[in-house]
Amino acid sequence: RRSRFLDGFINSKRNRRRMSDITYIATPDDGQCGIGTYTGMLKENMENKISVEHIEIPLGSFNPLPYVYKALIAPLSTSIVHVQHEYGLYGPKSLWSWLFFVCLYISTRVTRTPVVTTFHSAWTEETVGPPLIPLKRLYVKLNNRMLNAVTDYSLFLSENCEQEFNNSVDVGRARKIEHGVQQRDTPDKEIARDRFGYSMTDTVVAVPGYVRYEKGTDRVPAIAGVRDDWEFLVGGGQGPDDESELAQEVAEESPDNVTVTGWLDEDDLDRAFAAADAITLPYREVTQSGIFNLAVSHRTPVVGSDVEYFYNLREKYRCVLTGDPERPEHFAAEIQRVIRDDDVRNELLTGMNDYEKAHSADSVVDEHLEVYRDAHADES
């Protein structure tokens, strides 16, 4: 039986609540992590409709204490806790997620605060590799079940992300809300190219975003080797997982027509899109892509790998070309079509217009507000 003090605390908190109070838990919006950038976009577009707080967690820290502390304080003065989830944020191999989400479960159940979780990716049995594959698969399944148990309302940024997560656990209340395209000012092309040392006569292919195995950054040297008359701009540093060895490998194995910039701040990232004739995303795994949405915002055509996410975009909106990065000549030929064929380019740009209309920042905000109303009504 609960004490009178605890009942009084909960009732007092419930009386203070307003539906407009949403607390996001995510990495900082400082350009270091796409999850934090996405959260900043949501917060910026949400604040004229409801009040929003952003509680920041570290980016893959080895110290578990900040995760525990943030999980315990998050529900104390809010109507809904909204977690932006990515496995790599919670320490090595998502180890601290067991501390964070267990503490969050306890604190939100005591305070009767619903938890909304946006899953930016989904670990599956196919995610793991040797050694100890059976043990790793068990860990993935248990981790996903734990996440599902804490979450009252699940959000997914793509259909394939939802499908993959459902392979591990039966999700309860869920909804797909795609990433959303935020309006960005595109820098002057000549100034952007000058920033990276290119001239207006160069053909520039950009590979923006973190250097990661899942993003296929190690495939760039072979693709660039097919077209030594093009310039390739690898515009990003290592991601939240330590990919320093991969970044060094890409730099060492790349031909002279590849520039590896290291981490770019927000302004230089915009310049990378403005400088490019085409964006190439040779991903191995992807369930959503903030980089693709930035390309849409800047109207820079994209060639992605032939994975399900890009395939679905191609079929529904005709806003991206796809190819096989394991066949560099074939992939380069698709990039060539984007750069040289005006009909192909114009079709992609029209598709990007259609995609943005369907996934504007305002429409994404409205969909989130519907989820918050449902979650709040369920809790009440």
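**Cavity, pocket and helix contact**

Mentor: Searching the whole structure turns up 1 cavity of 30 Å³ or more. This is a predicted model, in which local features need pLDDT of at least 70 and side-chain atom pairs count only at pLDDT 80 or more, while totals for chains, interfaces and linings use all residues. Residues are numbered from 1 along each chain as its sequence is written, and side-chain values use heavy atoms, with hydrogens and water left out.

Trainee: What makes a space a cavity and not a pocket?

Mentor: On a 1 Å grid over the protein atoms alone, a cavity is a set of points where a 1.4 Å probe fits but cannot get out, whereas a pocket is an open set with protein on both sides within 12 Å along at least five of seven lines. The largest cavity holds about 50 Å³. Residues with an atom within 4 Å of a point count as lining; for the largest cavity they include Val207, Tyr210, Lys215 and Tyr283.

Trainee: How does the lining of the largest cavity divide by class?

Mentor: There are 7 nonpolar, 2 polar and 1 charged residues in the lining of the largest cavity. Ala, Val, Leu, Ile, Met, Phe, Trp, Tyr, Cys and Pro count as nonpolar, Asp, Glu, Lys and Arg as charged, and the others, Gly among them, as polar.

Trainee: Which helix gives the most to the lining of the second largest pocket?

Mentor: Helix 12 does, with 5 residues. The second largest pocket has a volume of about 170 Å³, and its lining has 3 nonpolar, 3 polar and 4 charged residues. Among the lining residues are Tyr309, Leu313 and Tyr317.

Trainee: Why is helix 12 called roughly perpendicular to helix 14?

Mentor: The axes of helix 12 (residues 308-317) and helix 14 (residues 342-358) come within 10 Å and cross at roughly 100°. Angles of 65 to 115 degrees count as roughly perpendicular, so helix 12 is roughly perpendicular to helix 14.

Trainee: Which residues of helix 12 meet helix 14?

Mentor: Tyr309, Leu313 and Tyr317 in helix 12 meet Gly351, Asp354, Tyr355 and Ala358 in helix 14, where contact means heavy atoms within 4.5 Å. This contact has 5 nonpolar, 1 polar and 1 charged residues.

Trainee: How many helices and strands does the protein chain have, and why is the chain called as compact as a globular protein of its length?

Mentor: The protein chain has 15 helices and 12 strands. Its radius of gyration is 22 Å, close to the 21 Å that the globule rule gives for 380 residues, so the chain is as compact as a globular protein of that length. The radius is taken over C-alpha atoms, and the rule is 2.2 Å times the number of residues to the power 0.38.

Key
Axes are lines fitted to C-alpha atoms, for helices over the stretch in contact, and angles run from 0 to 180 degrees between N-to-C directions. Helices (H or I, at least four residues) and strands (E, at least two) are DSSP runs, numbered from the N terminus. Angles under 35 degrees count as roughly parallel, over 145 as roughly antiparallel, 65 to 115 as roughly perpendicular and the rest as oblique. Grid points are joined across faces, edges and corners, and a volume is the space filled by probe spheres set on the points.
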